[in-house]
Amino acid sequence: MRFRSSWMSYVLHCLTRSFVLQNIVRYEREHPDLAIDTVLELRGDAYWAADIPPLHTFDAEMVHVKKCLNWKGYNDKFAMMPRKYMVAWMDLLGHYYQDTVVSYWNSEIMSKMLAAKFGIPVSQHATTFVTTDYNWWLAPENASKAGGPDHGCFPKNYYSDTCMPHGMKAHFNAKLCAIN
């Protein structure tokens, strides 16, 4: 198998980001009159406890990501980016097969290496993006506990007070996964 030894989810992250990129490029080709200025990349296993702030409040010349849970790279749960960085940032599968960068073991480190290689400015935000991993397919440890979402659960080791706005801990702790 060509994929390097890594977390099983790494392959899925490469495929998903590259597939979304292909869909955007195809949409642009089919709608040449449409100008895409900003791309929001959102993973399907992310839970959002608050809205994303208005786009005009961010520097439009940078990629914006969540600072926490970056696994020694850039958090890949969410990215807001100018269109001009979209291909370099999102084509993980293409970069993987072309060996654009080497010596990484997850999509987060690969993203950081690609940003350095292509001169992509990145701004990391600790509490601006109120999102974290969310296992919608698992049952919470205590389903009767009030608060949090109606189904699914949060990995126990993913919440940090430094990653969320003040007062969010009870919301996330209401639905912790029985397993990680």
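A residue counts as buried when its relative accessible area is under 20%, and as exposed when that area is over 50%. Keep this cut-off at hand for the exercises below, and remember that the model is a predicted one.

**Exercise 1. The overall build**

Task: Work out how many helices and strands the protein has, and in what pattern they follow along the sequence.

Solution: 
- Step 1: Count the elements: there are five helices and six strands.

Task: Find out what the radius of gyration says when set beside that of a compact globule.

Solution: 
- Step 1: For 180 residues, a compact globule would have a radius of gyration near 16 Å.
- Step 2: The protein has 17 Å, so the two values agree.
- Step 3: For another view of its extent, take the C-alpha trace, which spans about 50 × 45 × 30 Å along the principal axes.
- Step 4: Turn to the contacts between residues at least 6 apart in sequence: 68% of them join residues at least 24 apart.

**Exercise 2. Tracing the disulfides**

Task: Find how many disulfides the whole structure holds, and describe each one.

Solution: 
- Step 1: The search finds two disulfides.
- Step 2: One of them joins Cys68 and Cys163, with sulfur atoms 2.2 Å apart. The torsion about its S-S bond is about -110°, so this disulfide is left-handed.
- Step 3: Cys68 sits in the loop between β3 (63–66) and β4 (78–82), and Cys163 in the loop between β6 (131–133) and α5 (169–173), so the link ties together parts 95 residues apart in sequence. Both cysteines, Cys68 and Cys163, are buried.
- Step 4: Cys153 and Cys177 form a disulfide too, with 2.1 Å between their sulfur atoms. The angle about the S-S bond of Cys153 and Cys177 is 95°, a right-handed link. It connects distant parts of the chain, 24 residues apart: Cys153 is in the loop between β6 and α5, and Cys177 in the segment after α5.
- Step 5: Cys153 has 0% relative accessibility, so it counts as buried. Cys177 also has a relative accessible area of 0% and is therefore buried.
- Step 6: Count the bonded cysteines along the chain, and the pairing reads 1-3, 2-4.

**Exercise 3. The surroundings of Leu114**

Task: Say where Leu114 lies and which residues beyond its neighbours within four places in sequence are in contact with it.

Solution: 
- Step 1: Leu114 belongs to helix α4 (residues 107–118).
- Step 2: With a relative accessible area of 1%, Leu114 is buried.
- Step 3: Leaving those neighbours aside, Leu114 is in contact with Ala88, Leu92, His95, Thr100, Val101 and Ile120.
- Step 4: Pick Thr100 from that list. Leu114 and Thr100 are 14 residues apart in sequence, and their C-alpha atoms are 7.9 Å apart in space.

How values were computed: Residues are numbered from 1 along each chain as its sequence is written. This is a predicted model: local features need pLDDT of at least 70, side-chain atom pairs count only at pLDDT 80 or more; totals for chains, interfaces and linings use all residues. Side-chain values use heavy atoms; hydrogens and water are left out. Helices (H or I, at least four residues) and strands (E, at least two) are DSSP runs, numbered from the N terminus. The radius of gyration is taken over C-alpha atoms; the globule rule is 2.2 Å times the number of residues to the power 0.38. Contact means heavy atoms within 4.5 Å. A disulfide is a pair of cysteine sulfur atoms within 2.5 Å. Buried means under 20% relative accessible area, exposed over 50%, partly exposed in between (1.4 Å probe, protein chains only).
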